[in-house]
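Please look over the sequence and the model shown here before reading on.

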Amino acid sequence: MKYLIVSDIHSNKEAFAAVLSFVRRKRWDKAVFLGDLVGYGANPNQTVDMLRGLKPLAAIRGNHDKVCSGFEGGELFNRIALQAAMWTRGRLTPQNLKFLRSLPKGPVLVDGRFAIAHGTPIDEDAYIFGELEALNVFRQTDFPICFFGHSHFPVIFALTPDAINTCLTEAPSFRFKLEEGVRYLINPGSVGQPRDGNPSASFALYDSTKRVVSIHRLAYPVSQAQRKILRAGLPRPLADRLAIGR
Ligand SMILES: [Fe+2]
């Protein structure tokens, strides 16, 4: 089975469209979404429609999906994120609000093969940035493979019986073979707001038969997404950061 794994799309239609156009030429079977479909960008309804059009096998909520759909108030959001969330809430169609509110909390087990979580499988709103957080998650769970998002940073943590290793992915296309007897926490990166210094959209394909994860980076019309953000009256830093991938 070949899975398309996308996370942190954040209402960025241009970035998501680039991913969908790239994977049209690839073979894949099922789409999986790790949360944060909306928030920050200027096209919330379009990105929700695009994901719904993929008929994802599994999709979970992110912290922005909760606040943008009114499920949570956003008390922990910074001023800019909250402003964007309120703007988004006012523009989502009733059907798309309903869809966002219906997204389950992670972790969710997919096909009995791997788990998906937004932040971590223990706490959907917590971050995994480095090996200490990853080790803590490995110790408190027993998933052999878990895909996660939230940090907007593509990375693979591998726990062998002797050590924990970090694998930073190499742009534009990175292949990683998963070994038996090793546990993995894998972040495919963010489609709509990468924060690893590379502005290209990031996503993964996972071939469960060959046990190969490939993480891809795609250039997309960043200036178009930025123009829409500014035209919508959303905060300027949300447009600026797209160009630098921070
Ligand atoms: Fe996010």
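In this predicted model, the iron ion is coordinated by D8 and D36 through OD atoms and by H10 and H152 through NE2 atoms, at 2.1 to 2.3 Å. Along the chain, these donors follow the spacing D-x1-H-x25-D-x115-H.

**Iron site**
- H10 is in the loop between β1 (2-6) and α1 (13-23), while H152 is in the loop between β6 (145-148) and β7 (155-159), so the pair ties together parts that are 142 residues apart in sequence.
- The angles subtended by the four donor atoms around the iron ion run from 84 to 179°, which makes the arrangement irregular.
- Both histidines of the site, H10 and H152, are buried.

**Helix α1**
- Eight of the 11 residues of α1 are buried, so this helix is largely enclosed by the rest of the structure.
- The buried residues are E14, A15, F16, A18, V19, L20, F22 and V23, and what covers them includes β1, α2 (44-53), β11 (201-207), β12 (212-218) and α7.

**Helices α7 and α8**
- Helix α7 (residues 222-231) packs with helix α8 (residues 236-244) at an angle of about 175°, their axes being 8 Å apart, and the two helices are therefore roughly antiparallel to each other.
- On the α7 side the contact is made by V222, A225, Q226, I229 and L230, which meet R236, L238, A239, D240, L242 and A243 in α8.
- Sorted by class, this contact of α7 with α8 has eight nonpolar residues, one polar residue and two charged residues.

Conventions:
Residues numbered from 1 in each chain as written. Predicted model: local features only at pLDDT ≥ 70, side-chain atom pairs only at ≥ 80, totals over all residues. Heavy atoms only, no water. Donors = N, O, S within 2.8 Å, 3.2 Å for Na, K, Ca; no water. Tetrahedral: all angles 85-135°; square planar, octahedral: opposite > 155°, others 65-115°. Helix = DSSP H or I, 4+ residues; strand = E, 2+ residues; numbered from the N terminus. Buried < 20%, exposed > 50% of the residue type's maximum accessible area, 1.4 Å probe, protein only. Axes fitted to C-alpha atoms, helices over the stretch in contact; angles between N-to-C directions. Parallel < 35°, antiparallel > 145°, perpendicular 65-115°, else oblique. Contact = heavy atoms within 4.5 Å. Nonpolar A, V, L, I, M, F, W, Y, C, P; charged D, E, K, R; others polar.
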